[in-house]
Amino acid sequence: MSAAKTKIVIDEEKCIGCEQCVNVCQGGALEMVDGKAKLVREDYCDHLGRCIGKCPAGAITFEEAEAEVNNSEHPKNEPKSGGCPSMQNKRFSQNRPKNPSPSQTNSALDAWPIQLHLIRPDAEQFVNADVLIAASCTAFSFGSFHQFLLKGKSLAIACPKLDRTEGYEEKLTELFAAAEPRSVTIARMEVPCCSGLTALVEKARDAAGTGTVLREVTIGLEGELLGERYL
């Protein structure tokens, strides 16, 4: 069967070679070739359009294309061949070993990808689910991250200070509106810049108009649980 698909189109005559689109492309779909931006890997494109917003010359547009889809070739939860592995949605909690060795602790991660730039807001793991939106540092700082915070939740991670956060509020708004999560927990570090993650999630919740109660958990720099509050 065929399905509508968007495709990035770059007008070489308009392209001024500023590289802004290449720098903002998270999937590595764009590269500079002979001084012009080129779509070198269409299968790496996440179709979020960050490159369009960054192009000062208006050289990039989306066009509709027909794509052949054969679901029988790709069983549910298995990635299609080709494409960036970091962007292929996959559920795998059911494949965990039931009896880990004494030196092995089971991961509570239930799906991939987890980086906020790469997730699909309507992916099945987020639909009517308990969602954890975590600052990237929390998993390394809090020793009980998997057991206390992640277990039973679907994860998205972000860094409000170091990530390119353009589009984060829009994507989170779509997550609230399309997936209608049952609950949302925000895990952040105590450092002031991490409050930006909470602000992004709050703005998205309000923009979606869902009224979802947010639980914010704060982790200290030495890995201690400092407290939680509801927003």
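A network of salt bridges links Arg 188, Glu 216 and Arg 229. A salt bridge here is a side-chain nitrogen of Lys or Arg within 4 Å of a carboxyl oxygen of Asp or Glu. The model is predicted, so local features need pLDDT of at least 70 and side-chain atom pairs count only at pLDDT 80 or more, while totals for chains, interfaces and linings use all residues. Residues are numbered from 1 along each chain as its sequence is written, and side-chain values use heavy atoms, with hydrogens and water left out.

Strands (E, at least two residues) and helices (H or I, at least four) are DSSP runs, numbered from the N terminus. Both Glu 216 and Arg 188 are buried. Buried means under 20% relative accessible area, exposed means over 50%, and partly exposed lies in between (1.4 Å probe, protein chains only).

The structure holds 9 salt bridges. Side chains of opposite charge can pair when their charged atoms come close. One of the bridges joins Asp 130 and Arg 182, at 3.2 Å from N to O. Arg 182 counts as exposed because its relative accessibility is 56%.

Another salt bridge lies within a helix. Arg 205 and Glu 202 are both in helix H6 (residues 195-208). They are 3 residues apart, about one turn of the helix. Their closest N and O atoms are 4.0 Å apart. Arg 205 has 9% relative accessibility and therefore counts as buried. Glu 202, at 26%, counts as partly exposed.

Aromatic rings were also examined. Rings of Phe, Tyr and Trp (its six-membered ring) pair if their centres lie within 6.5 Å; planes under 30 degrees apart count as stacked, over 60 as edge-to-face and the rest as tilted. A search of the whole structure finds 1 aromatic pair. Phe 142 and Phe 148 form this pair, with 5.9 Å from centre to centre. The angle between the planes is 80°, so the pair is edge-to-face. Phe 142 is buried, at 9% relative accessibility. Phe 148 is partly exposed, with a relative accessible area of 36%.
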